[in-house]
Amino acid sequence: MKLANMPYPFNPPTRVLMGPGPSDAHPRVLNAMARPLIGHLDPEFIRMMDEVKAMVQQAFITQNNLTFVVSAPGSAGMETCLVNLLEPGDECIICVNGVFGGRMVDIAERCGATVHRVDTEWGRVTEPDQIRKALDACPKPKLVALVHAETSTGARQPLEEISKLVHEADSLLVVDAVTSFCGVPLKVDEWGIDAIYTGTQKCLSAPPGLSPISFSEAAVRVLDNRKTKVQSWFLDLTMVKNYWSGAKRAYHHTGPVSSIFALHEALNIVLEEGLEARWARHQVVHQHLRTELEKRGFRFLVEESYRLPNLNSVFLPDGLDEVQLRSQLLNQYNIEVGGGLGAFAGKIWRVGIMGESATRNHVNMLVGALDELM
Ligand SMILES: *Cc1c(COP(=O)(O)O)cnc(C)c1O
């Protein structure tokens with residue numbers, strides 16, 4: 001590239017986002033990012049962060065005091081939960097039924113923990129009996145971790161019965177709620193979740209790059225009783241938590257001010273709609289999508305009872321070229337849908353109807369485009 005060609009203007013196309021994330025953002029959220037910058041230690045900013053914390057608690061349905069937002073995407077939330085709770089030599093149980101369970105195993109091993117994997121076929125969910133067996137082999141794990149909404153397959157993991165087993169073993173329940181948060185029922189306190197992380201770009205419909213998290217009192221006790229330093233400086237909660245503690249806020253890193261403006265607005269929108277109404281909307285739009293896709297010969301990967309409404313994994317009708325059709329949707333209609341991951345690459349589509357993208361209009365646009373292309 002020659003310098004003489006500068007500048008390089010970049011005007012992104014206006015897409016309809018129906019993949020595994022990011023989802024479409026509300027104009028109010030995009031406008032929030034254009035607000036003037038203020039200092040991240042400005043009393044006005046601190047007041048707004050307190051509101052963000054209170055709204056994240058409401059959206060998680062938790063009273064947990066250690067609830068805040070990691071200044072990095074969902075993957076960093078995953079890493080925050082694991083690096084703070086695990087020490088070298090600890091044992092843990094991690095359930096793997098898709099890409100994201102596999103990532104948790106990788107992180108836990110990097111923490112020096114011994115991981116007992118509970119593997120389940122992709123597209124299915126972990127059964128309580130599998131946890132019972134794993135607890136027979138490893139009766140005192142530090143934690144048991146699962147993915148609530150496995151975005152690589154579209155499976156929704158039931159958590160309540162497993163939570164009982166985990167607590168009977170005096171262990172902590174760690175949950176990945178990146179795709180479930182604000183899209184399907186999720187009740188942190190009622191379900192006994194000890195450490196949870198999520199992302200902003202899925203059903204919350206805020207820009208990517210932040211990760212709301214929450215730790216129960218039991219998880220905080222484990223954190224307080226660590227014998228070794230947390231292996232990550234940036235994600236060490238013993239330090240970061242002071243950054244989010246209101247008036248005592250001290251410099252740790254420079255908070256992503258504009259992104260937090262957007263998150264504040266997105267949480268307001270969620271709470272204005274109401275969690276229950278939002279969960280119901282995702283379900284209703286999912287039914288519409290399902291009817292329309294099945295009419296056209298698409299088949300769902302996940303059994304109906306465990307199907308996520310907001311992430312729809314479907315096999316294409318025979319004879320269609322997955323890659324070609326997906327790129328025609330993007331290039332001719334500006335509609336993004338996701339391809340398959342891992343074992344399902346080239347075999348399925350992942351159609352996201354998340355947050356602002358969960359409307360009948362989105363579904364109608366997608367199936368209208370498909371009718372013209374197929
Ligand atoms: C998207 C996703 C993540 C990672 O979030 P990023 O914001 O992409 O880092 C983790 N877990 C699940 C289940 C996800 O869907």
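In the predicted model, the ligand is surrounded by Pro-73, Gly-74, Ser-75, Phe-100, Val-147, Ala-149, Thr-151, Asp-176, Val-178, Thr-179, Gln-201 and Lys-202, a residue being counted if one of its heavy atoms lies within 4 Å of the molecule. By class, this shell has 5 nonpolar, 5 polar and 2 charged residues; Ala, Val, Leu, Ile, Met, Phe, Trp, Tyr, Cys and Pro count as nonpolar, Asp, Glu, Lys and Arg as charged, and the others, Gly among them, as polar. The model is a predicted one, in which local features need pLDDT of at least 70 and side-chain atom pairs count only at pLDDT 80 or more, whereas totals for chains, interfaces and linings use all residues. Residues are numbered from 1 along each chain as its sequence is written, and side-chain values use heavy atoms, with hydrogens and water left out.

A ligand nitrogen atom lies 2.7 Å from a side-chain N or O atom of Asp-176. Ligand oxygen atoms are found 3.0 Å from such an atom of Thr-179 and 2.7 Å from one of Lys-202. Of the 370 Å² that the ligand exposes when taken alone, the protein buries 89% (Shrake-Rupley method, 1.4 Å probe).

An open sheet of 7 strands shows mixed pairing in the order β2-β10-β9-β8-β5-β3-β4; strands are DSSP runs of E of at least two residues, numbered from the N terminus, and two strands pair if DSSP finds at least two bridges between them. Because β2 (66-70) and β4 (114-119) stand at the edges with a single partner strand each, one side of each has no neighbour in the sheet. Strand β2 runs antiparallel to β10 (residues 211-215), to which 5 bridges join it, and Val-70 stands opposite Ser-211 in β10.

Conventions
Polar contact = N/O pair within 3.5 Å; in protein donor to acceptor, adjacent residues only side chain to side chain. Helix = DSSP H or I, 4+ residues; strand = E, 2+ residues; numbered from the N terminus.
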